[in-house]
Amino acid sequence: MKFSDQLEQRFSTMVTHYPTKRSVLVPMLLYIQDEVGALTDEAIHEVAQRTELSDLEVRNVISYYSMLRTRPVGKYNLQVCTNVSCLLRGADDIFEHCKKKLGIGNKESTPDGLFHLEEVECIGACSWAPALMMNYEFHENLTPTKIDELIDGLKKKEQQ
Amino acid sequence: MAYLVSHPDEVKVVSKRFGMGATNLDRYLELDGYKAVQKAISMGPDAIINEVKASNLRGRGGAGFPTGLKWSFVPKQSAKPKYVLCNGDESEPGTCKDRLIFEHDPHAVIEGVMIAALAVGAKSGYIYVRGEYRYLLEIMEKAVADAYARGFIGNNIFGSGIDLEIFTHSGAGAYEVGEESALMESLEGKRGIPRIRPPFPAVVGLWGGPTVINNAETLASVPHIILGGGEWFANLGTPRNGGTRLFCMSGELEKPGVYELPMGYNLKKMIYEVSGGMTKGRNLKGVVPGGSSVQILTPDEIDVAMDFDSMMKAGSMLGSGGVIVLDDQMCIVRFALRVAKFYQHESCGWCIPCREGTDWMKKTLTRFHAGGGAAKDIDNLKYLAENMLGRTFCPLGDAAAMPIISYIQKFRKEFEDHLDGKPCPYEKAAEPALV
């Protein structure tokens with residue numbers, strides 16, 4: 001399995017940073033997921049070969065990290081923090097609003113594959129709560145209006 | 001992007017360059033950048049460690065271990081390579097300070113890692129950034145590349161004959177990896193399962209070599225100590241608690257935000273003056289002063305100095321600097337349930353008391369808050385939590401147990417008010433199902 005030139009370049013540089021091959025594993029899996037959409041059987045096998053591990057050892061690592069996944073999710077992954085600092089500022093209402101707006105529940109994707117919704121643990125936006133992450137983008141001091149704007153904006157972008 | 005706030009009582013040391021464009025290397029150099037590391041080279045390892053010891057700098061990740069002392073544990077001679085590891089896995093609920101450091105002053109972190117490496121004789125440093133902080137990792141990557149391009153890192157740094165490599169490394173979502181031994185496992189490409197200690201990382205750490213692990217804020221403080229002197233830094237704070245701290249104020253406050261205040265600043269003032277007090281129409285119910293892992297304080301317990309020792313005396317901990325302020329619209333049982341759910345989600349399952357304990361706490365609190373509680377549940381919860389304390393490899397078990405015990409001890413009546421199938425009396429409306 002070949003990855004993009006950029007990712008191949010990253011991999012060949014990163015392996016030189018550590019005394020053991022497997023040390024690249026966690027960041028590499030995340031980068032591959034970003035490119036492929038999920039850690040597929042093929043991707044896992046490829047990483048295992050390159051790091052001289054068994055497929056099972058790679059899967060074992062994947063299952064530990066909450067950001068790593070073996071199945072693809074919607075193109076725009078909305079991860080709403082409901083941990084304590086966000087909870088105190090109405091995160092439950094925010095999460096409910098997202099569910100209604102998208103018509104999906106926790107850990108579900110819209111049928112068109114555009115949006116995925118997930119309740120997550122603290123994302124480090126406590127002083128700007130409530131907050132969510134859309135892919136790697138932080139959205140803070142949320143209100144239902146801001147969420148509508150975000151989601152409608154993304155829908156519009158897709159239609160163009 | 002994280003927003004900046006300010007208050008006249010702030011003493012800006014670590015946040016000195018925030019909002020000043022210091023991500024740009026030339027700008028950083030104008031703002032005294034890379035002067036500390038050059039001074040450190042001329043000082044030599046022993047003098048660096050003595051200066052940091054004199055500063056009374058203590059670990060900003062939460063444990064508050066004296067940094068200079070930690071560095072002094074690294075053996076001078078070692079057959080295996082030595083390493084410095086910067087912990088930027090910031091995940092403690094209520095904590096969002098390292099984000100600002102990476103965003104506004106990435107070179108200060110690099111300089112801190114360099115000085116730590118000079119102090120202990122390490123040739124490589126790693127900056128571990130939590131996976132969710134991708135935009136910050138990119139800022140750090142660029143800063144490292146810029147520093148390499150100028151020859152500040154690499155071979156023969158500043159003509160000293162010393163070689164020093166620095167690398168960035170991304171996590172992929174795991175609270176437990178913020179614990180130092182789990183962090184090393186993660187960097188080595190494994191599940192973040194904690195290691196048993198001794199041996200401590202200073203002796204046997206990354207790939208078996210002696211390793212210094214410090215929080216990003218700790219390391220970002222170091223260049224200022226080298227330039228300003230240990231005594232100056234120590235005098236900013238209280239005895240044995242040197243310097244300043246980035247306090248992350250969250251909850252229903254008029255002006256939440258991250259403020260840099262001297263160690264020992266009064267907690268009550270932090271809430272009512274610095275953060276502008278409670279949001280209009282809300283009253284204070286309690287304060288969790290150091291991230292979700294620490295014990296709650298009631299409103300009559302907050303007239304206290306925010307340093308490691310004073311907070312310990314007050315029956316809580318300074319922790320990670322995440323000050324979570326609870327208002328009177330929050331039900332303590334509901335809050336406890338959210339805390340328990342977090343630790344249940346993050347427990348790696350390696351140690352049985354933590355794996356089973358967090359799960360039972362979450363199950364019991366879910367039932368209890370929904371009105372299915374029995375009187376004996378309250379003491380059972382406390383008993384369960386008490387039996388987790390000190391029985392796990394890493395402190396996650398303690399971190400889950402300590403707050404729950406404190407909620408029951410200090411707000412028992414709120415638990416009792418949930419008995420007999422009554423709906424939660426502390427919330428405006430029925431809250432949506434949690435799980």
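Which residue with a positive phi follows α6(B)? The close-ups below, all drawn from a predicted model, begin with that spot.

**View 1. Helix α6 of chain B and the glycine after it.** The residue that follows α6(B) is G121(B), with a positive phi near 80°. The helix itself covers residues 106–120 of chain B, 15 residues in total. From first C-alpha to last, α6(B) reaches 22 Å, close to the 21 Å expected at 1.5 Å a residue. Because 15 of its 15 residues are buried, α6(B) is largely enclosed by the rest of the structure.

**View 2. Cysteines without a disulfide in chain B.** Searching the whole structure turns up zero disulfides over all chains. For C331(B), the nearest cysteine sulfur belongs to C424(B) and is 3.6 Å away, whereas a disulfide needs the sulfur atoms within 2.5 Å. C331(B) counts as buried, at 0% relative accessibility. Now look at C354(B): its closest cysteine sulfur, in C394(B), is 6.5 Å away, too far for a bond. C354(B) is buried too, with a relative accessible area of 7%.

**View 3. The open sheet of chain A.** Here you can follow five strands in the order β2-β3-β1-β4-β5, with mixed pairing. The edges are β2 (108–109) and β5 (137–139), each pairing on one side only. Strands β1 (residues 76–81) and β4 (residues 132–134) of chain A are antiparallel partners over three bridges; within this pairing, L78(A) has M134(A) as its bridge partner.

**View 4. Helices on the chain A sheet.** Helix α6 of chain A (residues 91–102) packs on the sheet and touches β1, β3 and β4. Its direction makes about 160° with that of β3(A). Helix α7 of chain A (residues 144–159) lies across β1, β3, β4 and β5, running at about 175° to β1(A).

Technical notes
Residues numbered from 1 in each chain as written. Chains lettered and ligands numbered in written order. Predicted model: local features only at pLDDT ≥ 70, side-chain atom pairs only at ≥ 80, totals over all residues. Heavy atoms only, no water. Buried < 20%, exposed > 50% of the residue type's maximum accessible area, 1.4 Å probe, protein only. Helix = DSSP H or I, 4+ residues; strand = E, 2+ residues; numbered from the N terminus. Expected span 1.5 Å × (residues − 1). Pairing = 2+ DSSP bridges. Contact = heavy atoms within 4.5 Å. Axes fitted to C-alpha atoms, helices over the stretch in contact; angles between N-to-C directions.
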